Amino acid sequence: MLRPSTQRYSVTRPLYSEDAFEDEHAKVYRKHKTFLHHVIQYFTCTSERAKNTAISLLPIIGWMKTYSFKEWLLNDILSGVSTGLVAVLQGLAFSLLASIPTWYGLYAAFFPVIMYFFLGTSRHISVGSFPVLSLMVGAVVTRLVPDEGLPANITAFEGLTKEEQRVLVSASLTFLVGLFQLGMGLLQVGFIVMYLSDTLISGFTTAAAVHILISQLKFVLGLTVPGFSGPLSIIYTLESVFTQITSTNIHDLVTSIVVMVMVLGVKEINDRFKSKLKVPIPIEIIMTVIACGVSYAFNFSENHGVDVVGKIPNTFESPIAPSLQVFQMAAVDAFPIAIVGFAVAFAVAKVYSVKHDYVIDGNQELIAFGASNIFGGAFKSLAASTALSRSAVQESTGGKTQVAGLLSAIIVLVVILGIGFLLEPLPKSVLGAVVIVNLKGMLMQVVTVPYLWKKDRPDCIVWVGTCLAAIFLGLDIGLAVGLGLELLTVVFRAQFPHCSVLANISGTDIYRDRKDYVNIYEPEGVKIFRIPSPIFFANIDFFRDKLKDAVGFNPLRILRKRNKAVKKMKKLLKKGELTLTSNGLQATCSMPIEESEDESNMEDLDKPTDYSDLPIQVNWNAELPANIQVPPVNIHSLVLDFSVVSFLDISALKGLKAAIKEFIRINVDVYIVGCDPYIIEKLRNCKFFDDEIKTSIFFLTIHDAMLFINESHPPKTVSEKVSGSFQYQHVNGSSTSSCLAIQAVSDPTSTWD
């Protein structure tokens, strides 16, 4: 690499306007396909396309063909066993968040995993329950089947116990979430997750972690707290907890504290020595086994009133049909659950796909999770996504493919059918402690707020606004508020961009903001204005206001003043009060002439100035006769830098056309540089050009326009100032053909890099 001080280049080429460039370089006009052609192509089936579609819908076909049994199978087995044990514990724990019996959380670690094994494109995520999703499901469950009072008026509830009613709501909601995800996948709208920024997801998951933490206090303290849902539910929950704080079960509290301290301590060891540990110490499993043994030995349930997991059926329950009435009552809640579940899973999957160099398909992931939740919902499973901690276990223990996920499901199957009874004495306070410990990563996201405030305040507002709204108004409303804030920040950035006036860096063809550099030259009589955003209906007025600020005057006001002045001069000429002398027009009356305030013909004042009846051309920057006052215009050319303008809408096009005409009518030449050819084509199609605005105002670069301006308005004193910056010359004696000559002495030892 050359040192910057030795790098030089010399370019000699014609001065190009857009018209000149198109004349010299023929443009290829491509025939665009019609909408009908796209429809026909979409529904046309060939053998190759059918094969690709099959592979796309069943990604297992692709990666199983390359599966290396010798190198990968052992790793997948070890990873599957480790992940399965964690999935069992988290399934039991996260089911508490959904306010349903604990063993249904195990179903979420089995049924969705089986379906994702065939349809998913990620090889490393662990499919199953996720605390945020479980909490969102729990909010719907407690709303339709509250702890106190009558359940919702749903026909399918007849003859069912409260637990069975809640399971029906959870299963139906999971089924509906799957329908939403599958529908979005088939409609190819996987891009929708792009509208959930990392900042929004971070604020939302932090708020969810706060909700989860508060919801687990009743298990950690051994209290009976009714479930609340809706806005301010977190306040009502805290009120209920603190009202009963004197009734805390000391055995639950001590057990929870011991479990949390031990798990946090060992997890810290795992993180610090992860390079030396082949497999992380499964401290959660160890503490669960110990807690089960202690609870069984001392009979915590009967002797000390500790709430335990209780009976776990050693069989799968028969599938059920979802309730259409639940669909109607929970549709508004199901959609954000579907979006959040997919967004979290896709974000985790993308991290591992980049790390291990393979591709994931967002639309196929939607189809995979949709089918998984439909399948799981039919078997009373919780809504499935992924948990970062569980996926980290699957990847860090050597998992190579979803074979590890399948083996983890087999471990869950063994627990459900064989050894589930061993978990029956497990205190729910232990599960609550495990849940709280797993919130550490989400809660620690709050430390990003000071960083965001310093680096990007709009993003900080999105984070804080989403988090606070989700905490106090509920997760569903909080997500909507976050999306609204995010869209507002996008609109705000586009509607109020940082416009700037550019000047020339001496000795170069480079133009930068005149406020940012010392060795910078601003051409006399020229303003170079840049707007760094698309121009559309929301910011066209802002653009015009900033343009007026940059040039220092309002062109429409100047035009009106000039037209009024010309009318007065013509009127005075007719009356003989203004005569033509060798020095120009001179008033014969020394009395000041008052300006008329009649603005009835305002439209006439906005038209181009008519000099037809005046004997001489008026110099508007000189002193005018008869005390006529018109503000001077200190520029002759205006350059608009459109190099970062990506699109114009119709409203902006009309506003831009009006603004350009206002400048042209006061004899200020307007040039547009760096404009995208597609925008120029749109301007042509929308009849932008007319007798006043020509296509010749477009130039390839700012420097091309500046050289042309210096030919049209030769500077008197500026030429000496810019002799080191650029030079222009006539070619073959023609005043209209110029060459750009940006020349510098090259280091004879330098080479191109």
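At 26% relative accessibility, Arg 560 counts as partly exposed (buried is under 20% relative accessible area, exposed over 50%, partly exposed in between, with a 1.4 Å probe and protein chains only). This is a predicted model, in which local features need pLDDT of at least 70 and side-chain atom pairs count only at pLDDT 80 or more, while totals for chains, interfaces and linings use all residues. Residues are numbered from 1 along each chain as its sequence is written, and side-chain values use heavy atoms, with hydrogens and water left out.

Visitor: With which residue does Arg 560 form a salt bridge?

Guide: A salt bridge is a side-chain nitrogen of Lys or Arg within 4 Å of a carboxyl oxygen of Asp or Glu. For Arg 560 the closest N and O atoms are 2.7 Å apart. The partner is partly exposed, at a relative accessible area of 21%; the residue is Asp 606.

Visitor: How many residues apart in sequence are the parts that Glu 22 and Arg 684 tie together?

Guide: Glu 22 and Arg 684 form a salt bridge, with the closest N and O atoms 3.8 Å apart. Glu 22 lies in helix α1 (residues 18-24) and Arg 684 in helix α28 (residues 677-685), so the parts tied together are separated in sequence by 662 residues. Helices here are DSSP runs of H or I, at least four residues, numbered from the N terminus. The separation is 662 residues.

Visitor: Which helix holds both Arg 272 and Glu 268?

Guide: The side chains of Arg 272 and Glu 268 meet in a salt bridge at 3.7 Å, N to O. Being 4 residues apart, or about one helical turn, both lie in helix α12.

Conventions: Helices (H or I, at least four residues) and strands (E, at least two) are DSSP runs, numbered from the N terminus.
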